[in-house]
Amino acid sequence: MSELLVEMTGISKSFPGVLALEDARFDLLPGEVHALVGENGAGKSTLMKILAGIYKRDAGSIRIKGRDEEVPSPHAAQSLGISIIHQELNLMYHLTVAQNIFIGREPRRGFLLDERALNAKAQQLFEELHLNLDPRTRVGSLAVAQQQMVEIAKALSYNSAVLIMDEPTAALTDTEIEELFRIIRHLRDQGKGIVHISHRLEELKQISDRITVMRDGRYVATVSTAEAEIQQIISMMVGRTVFEATPELPEKRDPTVVLEVKGLNRGRQVQDISFQLHRGEILGIAGLVGAGRTEVMRAIFAADRPESGEITINGKPAAIRSPSDAVRHGIAYLSEDRKRYGLALGMDVEVNTVLASLRRFANSFGWIRTGATRKTALEHVQALAIKTPGIAQRVKNLSGGNQQKVVLAKWLTADTDVLIFDEPTRGIDVGAKSEIYRLLNDLAKQGKSIIMISSELPEVLRMSHRILVMCEGRITGELSAAEATQERIMTLATQRESVAAA
Amino acid sequence: MQTTTLPARSRVQSILRGDSIQRLLALGALLLLLAFFSAVVPHFASTNNYIDILTATAVNGVLATGVTFVIITGGIDLSVGTGMTFTSVVMGIVAVNLGLPLPLGLLAALAAGALVGSINGALIAKAKLPPFIATLGMLYVTLGMAQVISDVHPIYFDQQPAFQGFFMSKPIVGIPNIVWVMLGGAAIAWILLNKTILGRYTFALGSNEEATRLSGVNVDRWKIIIYAVDGLFIGLAGIVIASRMNSAQPGLGMGYELDAIAAAVIGGTSLSGGEGSVVGTIIGAFLISTLRIGLSVAGIPDQWKSVITGLVVIGAVWLDILRRRSRA
Amino acid sequence: MKLTRITSLAAGSMTLALVVGACSGSATTAPAASTAPASAAAPASSAAGAASAYTPPTDAGKAKGKTIAIISKGEQHQFWQAVKKGALDEAAKLGVTATYQGPATESEVDKQLTMLQTALSNSPAAVCFAALDSKAAGALLQQAKDANIPVIGFDSGVDSTIPVTTVATDNTAAAAVAADHMASLIGNAGTVGVIVHDQTSQTGITRRDGFLAQMAAKYPNIKVLPPQYGAGDAVKSADIAKAMMTANPDLKGFFGANEGSIKGVLNALKETGNEGKIVAIGYDSGQQQIDAITSGVEAGAITQNPIGIGSKCVDAAVDAINGKALPEKIDTGFSWFDKTNINNPEIQAVLYK
């Protein structure tokens, strides 16, 4: 029986306005993959950030390899053999891949940096991890998935005894996930302890040895993966039984074409895209990461100006040259990266909610009617069940899932009819997910038209009336709800231009 | 998914890497300007005039080099102008008033500059003052201190003829030594910025300070060091300007920071941090001097010189933004 | 592509600016018809007693123990330190209190006005003022008048009817003398350059205009280049001087209208190796100029009487407080000095280091 690698007991932590952790605990054995699950706001990330030296705990103790330790800084954590892969990317975009990975540990020749040795080291690391990356590439020019791989490579390069991974698979394709799991298993066999935070319970079933559940900042239970049932875990997370009801898709759709896109082009990632969206329809857009789905939607929304193409709204051609034009035409876009593109983090819930529709709340002199804004914000907090101490709470203090709900609230307030959701449930727990699904159905029933980009096949299959599949900038196929299966979607998603195989 | 050796990259690809393009553009603009003035303005195209341009660039070139470091980290330093005056006065006090040997005076100038820089760095890193505010405050402090310790009196270096004798003499190709000092300083800065940890962290801080901190780097300590390096260049500039006038003048200095920042920005250093180069900054400094002197020789009144310089700065930054956007 | 459009726009506007500038530059602003009291041919000096029939007081009378606020144009040059000494010494002698201040540089018009404002709110018995910009100070001067605080102008003085007197050098006459010396040194023909400190203060305006008017009136074969402004910054003035030399290889002489400007000229001559080849005439004194004149690099300069300016303005203030009538101008005199007379006691008395 080996001693515990990590033992955290009685951990408490609060932030202004939020009690994040109360008497939480966690332990880690060497040579195990220990999953940490819980709804958004349960405290998983916070607990691990304390272990990684990013936050300071208010109370409690941490023992590493049997010794009481203080972990006052990320540097201290590294010295103790703990490294972390963050949920949100923490990279220096102007530096190269190799420079990012080895920041603080650069190989030197005397007093000067040895760039060649740096790149060689990185190349070696990539070969071990089977990564196809050029260490000299500027990180800012990589796709999100590749940036995520850089983060992973960086954490792995420390060769730590303890590796914490916070939602590492969020931006990865299935192949990359397989590769990551192979690496994780390898590390586990070497005797390392791995903490795996994720919402993807099916994945955790595959890879973990034990699962710890947290709820509302507290420890709930630890179970052995082999013996646990997903339903059981979910009830522990949520504190109630959530049944996966058979999805009730809204009835026969309205044939009115609300949005029509013809011949949209932008570089290599948006090639000759044409499709139609009907009123009250949920149109799913499936494909591998990097297929260009986000790029298409950004082009429609004019966040990036397309090179050519026509957009028709309700039968009338629309000139959309900027997002403000798009919003005026009733189009909303909820981006993948809500922190960067969806919210003003330093401002409160109320302001963020009315951000896209301020003109409606202002009188002719520009004076904002705070009575109306407050009312609207409160309504949405209720309707969407946003967990926040109040509408004056700064959005950056909310958990990921609740932040997403605020973004949703913003677009609902803006009274838009065409809603483009880009990965709407990324980083959101099971309980909130069903709420969002229900919400999407309600919106569709009300006559709103929804485009939903998602990389989770079950989600796409469950929610969409129709599914468009993209691959490398092109639409490769269209499937109705009836004929769509995971295999068919996958086939279309991997169907490159020059189809080779016989 | 096996990978082998580092994949080769085409030369063209490397050249088109964003940063180099801005430097090339700045260089191109400089050459264009030189050609334009040489063709259109009588007497411009002469060796003496070119040497005058080099001489006029020396002070700003050194200041701009120092400030480049700070701007790359995403900060700013408004105190470089008056700081320079302060260091020149310190040198005057040491080498003239106290009668100590000249090399000690030079060291004192550099030390005074490093001191000013460290104070700036500490205010920004530890007291968490925004760089704009911290260096603005130091601008006034150094302005005043220079006058206090000199009793508002210029300090002449007549007792130390070796001073101007060395810096302003022209043993190499007829170019005053201060120009070589500027270029030498730029070379050292280039090495620091591109080949040492200091430089690597300068870019990292500017690119994403939080990520750098989370990677275990002691961001606070390095910020102070970087501002201190900027301070060393301030000290060097104090030496250069004092040698031109053979005296330390406590009255001037305010306003020099604007030229320094303009030179860095024209040369491709981004005010939002993470990008910049010493080469670009020096080119930017030359561009400003060429413009001013060209317009002077052409007989353009003072007022227009300012307007045109301002337009050039705006134009240079705008072009850079356009180029970045089209690259995206 | 968009980039080419911008580039051509930029090039176009630059060319336009150059053309406009060149056109306006060549049509030199004709100096305001100055009523220069026609200076006789090359006077060596204007004795301090000539214009002013003014007898300074020997007793403070009602002013004893009172405060006189003196606002000068700056502290950048030793000239002002000399004025300060003259003023404070005279105040001590008479038994009155004098405060002396000025902005850091001579371009800080607003700072000077703030100082004046503050001084006035302390209700001094009198105010001595050397305006950086006469017109801008108008409202404050009115305020002083309404509060019955007498205003004494000095040095540049104030272009207004409010001051009861102005204690100054007759800059127009002095600059004309400089012009005469310049002309005789270059053989009454050739090109000369003028570097002035600013265009808004009385001294800047009158010295420039005095020089230009004398040249235009008496020396038709001398071409004066359009005046350039260096803000009194020795380094900037040096670069400007070098540019002028480049543009006019046959330049024969430089006139620097204040200490900073002539220092710049001297530095420029040194850097280009033209010492002794181009005639340099300056204004005021200061260590660098004194050395240059002694060695012969500088042909000579006009010295004012800064100590006299300081002490006479305190005198005038005391008289004003006592209700005595004062002449409109109190001329503190100027002298031409060069290698030949620099060691004379009366010259030495007015020089400062």
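I looked up B:Val173 and found it in the loop between α7 (161–167) and α8 (177–195) of chain B. I keep in mind that the model is predicted. I noted that phi of B:Val173 is near 55 degrees, a positive value in a residue that is not glycine. Most residues other than glycine have a negative phi. I then checked the surroundings: B:Val173 has 9 C-beta neighbours inside 10 Å, so it counts as exposed, the cut-off being 12 or fewer.

I went on to A:Asp415, which sits in the loop between α15 (400–413) and β19 (418–422) of chain A. A:Asp415 is not a glycine, yet its phi is positive, at about 60 degrees. Is A:Asp415 buried or exposed, or partly exposed? I found 13 C-beta neighbours inside 10 Å, so A:Asp415 counts as partly exposed.

Next I looked at the contact between chains A and B. I recorded 24 residues from chain A and 22 residues from chain B. On the side of chain A that touches chain B, α2 (74–79), β8 (112–113) and α4 (115–129) of chain A each supply at least two residues. I marked α4(A) as the source of the largest share, four residues. By type, I noted 11 nonpolar, 10 polar and three charged residues on that side of chain A.

Last, I compared the chain pairs. Two pairs of chains are in contact, and chains B and C share the most contacts. Chain A and chain C do not touch, and I noted 14 Å between their nearest C-alpha atoms.

Technical notes: Residues are numbered from 1 along each chain as its sequence is written. Chains are lettered from A and ligands numbered from 1 in the order in which they are written. This is a predicted model: local features need pLDDT of at least 70, side-chain atom pairs count only at pLDDT 80 or more; totals for chains, interfaces and linings use all residues. Two residues are in contact if their C-beta atoms, placed from the backbone, lie within 7 Å. Ala, Val, Leu, Ile, Met, Phe, Trp, Tyr, Cys and Pro count as nonpolar, Asp, Glu, Lys and Arg as charged, and the others, Gly among them, as polar. A residue is buried if 20 or more other C-beta atoms lie within 10 Å of its own, exposed if 12 or fewer, and partly exposed in between; C-beta atoms are placed from the backbone.
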